[in-house]
Amino acid sequence: KKKKKKKKAKLVWAPIAIGTDIGGSLRSPANFCGIMAHKCSSKRVMGAGKEGISGGNYWGKPTVKGVVGPLSRYVDDLVAVMKVLYSPQGFELDPHLPPIVFRDEIYNSTKKLKVAYLINDGYFTPVATVQRAVKETIAYVKNELKYEVVNLEEVLLRRQEVFEPYSSLGEIATMKYFEYAGAPGNMSDYIDALKGEYLMPGFSETYKGSLIPNFLRPLISKILYLNGEEKKAKIVAESYVRFSNEEKKKKKKYKNKNKNKNVRRGGVSVKKERQINYDIDQFRYRFWQMMNEENIDLIISPVNAFPALPIHFSSHFLNCLSHQMLQNVLDTASCAIGPVAFVRENEACYSVADLPRFEQNRSTRILAEYMKGLQGMPVGLQVWGKPFDDELVFRLCKELENIVQKY
């Protein structure tokens, strides 16, 4: 009998892909794979036709929204997609969209820009390759493009009111993101959206944390702190809901009335959720006011603090994503561009001992182990600006395409 020839597997690729981003889900994969992706301003892309996390056609989160955007290897391809999304046909499909078409006059302008750069957000220190990528890119912006550059870390040292009452830009982004995402309680949005499917192991630790009873959260927070997990301790402490005596009586009455019904527990009150939305809005206005007063047009910063890691790291990374959550909390126009650097052999390491005390935790120790042997992995950056400044973001990305190192 003749042996049948085995069919060889073929690598299938597409020049353009479409995804959504509510916490880095476009920019992070692009960064890890060495390609580009754009998270547009939420108010410039239609909500009609998107299936939300709860299964409907619209996202039920009014402040930090998931937005549609493209992934590709080239800026021109990203722009081509956005010209379709920012078109009169889109305005007809979604009457909530402001009728702003893609503005070629901004994309093709030659006005000199002032570009800020951020290496460390004060919450998670990037690995050596990521830091080098920012420095080399900003040197190109200054020396080749002849743009004015400014260190955002230095600006924030004298403008700490931007992130008060927190200690850094990365901390306020992380805390407000988890407050907002965790408002429904018990990760109910995500569990309901799974419709009976199993939860990925990478989210199991977060899910267990969401189930901690409210009265136990102060105690769990202290235990985490004593075990060197200051970040997790603060996240748990911030999620503790303080009820007034009147609210406690109402809660008890409601619980007794519905004791035989399947009532979900763990979520915050409507009043508390409104306060979370208000705090995020105030943070946004303070940040954009700072940019206006400092005459900053765009910002260059890391997408992630590290290159692509083994999949098992996903269960430890949720408190490591401040660099990409910031743009969702601020609702920026943000484009991941890369790769602009690759991990060198002498950079395949991460010294936990050199980190600030609050960063010396389980996540960074595991990161230090995973960094070994990662030489050659791609690293990209993100260019971002104020809401509706998508064309300006694309303009700088196009100008930076000369330093993007293709495979």
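This is a predicted model: local features need pLDDT of at least 70, side-chain atom pairs count only at pLDDT 80 or more; totals for chains, interfaces and linings use all residues.

Start by selecting T137, I300, I337, V340, L381, Q382, V383 and L400, which line the second largest cavity. Two elements give two or more residues to this lining: strand 7 (333-342) and strand 8 (378-385). Strand 8 has the largest share, with three residues. Color the lining by class and you'll get six nonpolar, two polar and no charged residues.

**While you're at strand 7**

Stay on strand 7 and pick P339, which is found there. Look at the peptide bond leading from G338 to P339: it is cis, with omega near 0°. There's another cis bond to visit, from E164 to P165, with omega near 10°. To find P165, go to the loop between helix 6 (152-157) and helix 7 (169-181). Most peptide bonds are trans, and most residues other than glycine have a negative phi.

**Next: the largest cavity**

Now select K39, S42, T63, V64, K65, V67, R284, N328 and D331, the lining of the largest cavity. Its volume is about 40 Å³. Here the classes come out as two nonpolar, three polar and four charged residues. A search of the whole structure finds two cavities of 30 Å³ or more.

**Along helix 14**

N328 also belongs to helix 14, where it is buried. How many residues of helix 14 (residues 322-330) are buried? Nine of its nine, so to speak: the helix is mostly covered. Step just past the end of helix 14 to D331, which takes a positive phi of about 60°.

Jump to K146, in the loop between helix 5 (128-143) and strand 5 (148-151). Phi of K146 is near 65°, and this residue isn't a glycine. M187 sits in the loop between helix 7 and helix 8, and has a positive phi of about 50° without being a glycine either. Buried or exposed? K146 is exposed, because its relative accessible area is 56%, whereas M187 is buried, with 13%.

**Last stop: out on the surface**

Finish with Y198, M200 and F203, which make a nonpolar surface patch of about 350 Å². Y198 is in the loop between helix 8 (188-194) and helix 9 (204-210). With a relative accessible area of 65%, Y198 counts as exposed.

Definitions and conventions
Residues are numbered from 1 along each chain as its sequence is written. Side-chain values use heavy atoms; hydrogens and water are left out. On a 1 Å grid over the protein atoms alone, a cavity is a set of points where a 1.4 Å probe fits but cannot get out, and a pocket is an open set with protein on both sides within 12 Å along at least five of seven lines; lining residues have an atom within 4 Å of a point. Grid points are joined across faces, edges and corners, and a volume is the space filled by probe spheres set on the points. Ala, Val, Leu, Ile, Met, Phe, Trp, Tyr, Cys and Pro count as nonpolar, Asp, Glu, Lys and Arg as charged, and the others, Gly among them, as polar. Helices (H or I, at least four residues) and strands (E, at least two) are DSSP runs, numbered from the N terminus. Patches are made of residues with over 30% relative accessible area and no salt bridge: like charges are joined within 9 Å, nonpolar side chains (Val, Leu, Ile, Met, Phe, Trp, Tyr) within 5 Å. Accessible areas come from the Shrake-Rupley method with a 1.4 Å probe; for residues, only the protein chains shown count as cover. A salt bridge is a side-chain nitrogen of Lys or Arg within 4 Å of a carboxyl oxygen of Asp or Glu. Buried means under 20% relative accessible area, exposed over 50%, partly exposed in between (1.4 Å probe, protein chains only).
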